[in-house]
Amino acid sequence: MNLRSPLQLLAPLITGLVLASHSTLADTPPCAWKLEANKEGVMVYSRPHATSGLKEFKSIGLIDAAPLTVFKLLSDCANFPKFMPYSVEVRILQKSGNTVVAYHRLDLPLIDDRDYILRSVHTITPSAAGPVYHIRWKPAVGIGPGPQPGVQRVTNCQGSWLLEPTPNGKTRATYTVYSDTGGVIPTFLANGGSRTAIRKVFAAIRKEVLDPKYSGATSAASL
């Protein structure tokens, strides 16, 4: 019997980033965010999800690069297996305008692999401080390969990245994520794994964003 424990991603990036245990919270309004941790330059907040006994997470941290550079990195999901924690396979299934549909597979500690198919929308909004970049994702229904032997399919994974400019040219990154586990996992293990995974995602992005391929002159429009 496989007793391995999952870690939530997302997104993708991060992805991202893992949760599913239904409760009687479906009709209650969203709760306020509660600060759970402030370590390694990342503040991690959580709140109960409306349809689950598990948590939705929001994290905020600075990244030492311009928002466009971070946006280019996070838009390059095909490269995630090279640097994102747990990501071992990403296949672009569809790409049209600012929308991408991709298949993701994760190799998580102590449990079977997880996979999911996401539709992400990439947008840019002007602000007085400079362009603000937003990536939002949710499950893509009826697209891509079916469940694979030995890989647990995750059917609910949704979240976002918000990349805002700071006065000193860095990025204030806000990452939100909620996902099911793709299996029956104790709540405390899933939530604890999620907090750890979030910090790993920020650390990986802070390192990879230094690659000149992302800090070059390519504009966001070319993505």
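This is a short chat about a few residues in a predicted model.

Student: Where is H122 found?
Tutor: H122 is in strand β8, which covers residues 113-125.

Student: Is H122 buried or exposed?
Tutor: Buried. Its relative accessible area is 14%, and buried means under 20%.

Student: Which side chain does the H122 side chain join in a polar contact?
Tutor: That of S75. The polar contact between the two side chains is 3.2 Å.

Student: New topic. Where is P81 found?
Tutor: P81 sits in the loop between α1 and β6.

Student: How accessible is P81?
Tutor: Its relative accessible area is 32%, so P81 counts as partly exposed. That value falls between the cut-offs of 20% and 50%.

Student: Which residues does P81 touch, leaving aside its neighbours within four places in sequence?
Tutor: P81 is in contact with S87, V88, E89 and V90.

Student: What separates the C-alpha atoms of P81 and H104?
Tutor: A distance of 9.4 Å. Along the chain, P81 and H104 are 23 residues apart.

Student: What is phi for Y86?
Tutor: Near 75°. That is a positive value, and Y86 is a residue other than glycine.

Student: Buried or exposed, then?
Tutor: Y86 counts as buried, at 15% relative accessibility.

Student: What about E40, what is its phi?
Tutor: Phi of E40 is near 55°. Again, this is a positive value in a residue other than glycine.

Student: Which loop holds E40?
Tutor: The loop between β3 (34-39) and β4 (42-48).

Student: Is E40 buried or exposed?
Tutor: Exposed. E40 has a relative accessible area of 55%, and the cut-off for exposed is over 50%.

Student: Let's do rings. How many aromatic pairs are there?
Tutor: The count comes to 5 aromatic pairs.

Student: Which residues do ring pairs link into a cluster?
Tutor: W137, W161, Y175 and F202.

Student: And which residue lies over the face of Y103?
Tutor: R91 does, at 4.6 Å from the ring centre.

Student: What lies over the face of Y45?
Tutor: K58. It is at 5.5 Å from the centre of the Y45 ring.

Note on methods
Residues numbered from 1 in each chain as written. Predicted model: local features only at pLDDT ≥ 70, side-chain atom pairs only at ≥ 80, totals over all residues. Heavy atoms only, no water. Helix = DSSP H or I, 4+ residues; strand = E, 2+ residues; numbered from the N terminus. Buried < 20%, exposed > 50% of the residue type's maximum accessible area, 1.4 Å probe, protein only. Polar contact = N/O pair within 3.5 Å; in protein donor to acceptor, adjacent residues only side chain to side chain. Contact = heavy atoms within 4.5 Å. Phe/Tyr/Trp six-rings, centres within 6.5 Å; stacked < 30°, edge-to-face > 60°. Lys NZ or Arg CZ within 6 Å of the ring centre and 35° of its normal.
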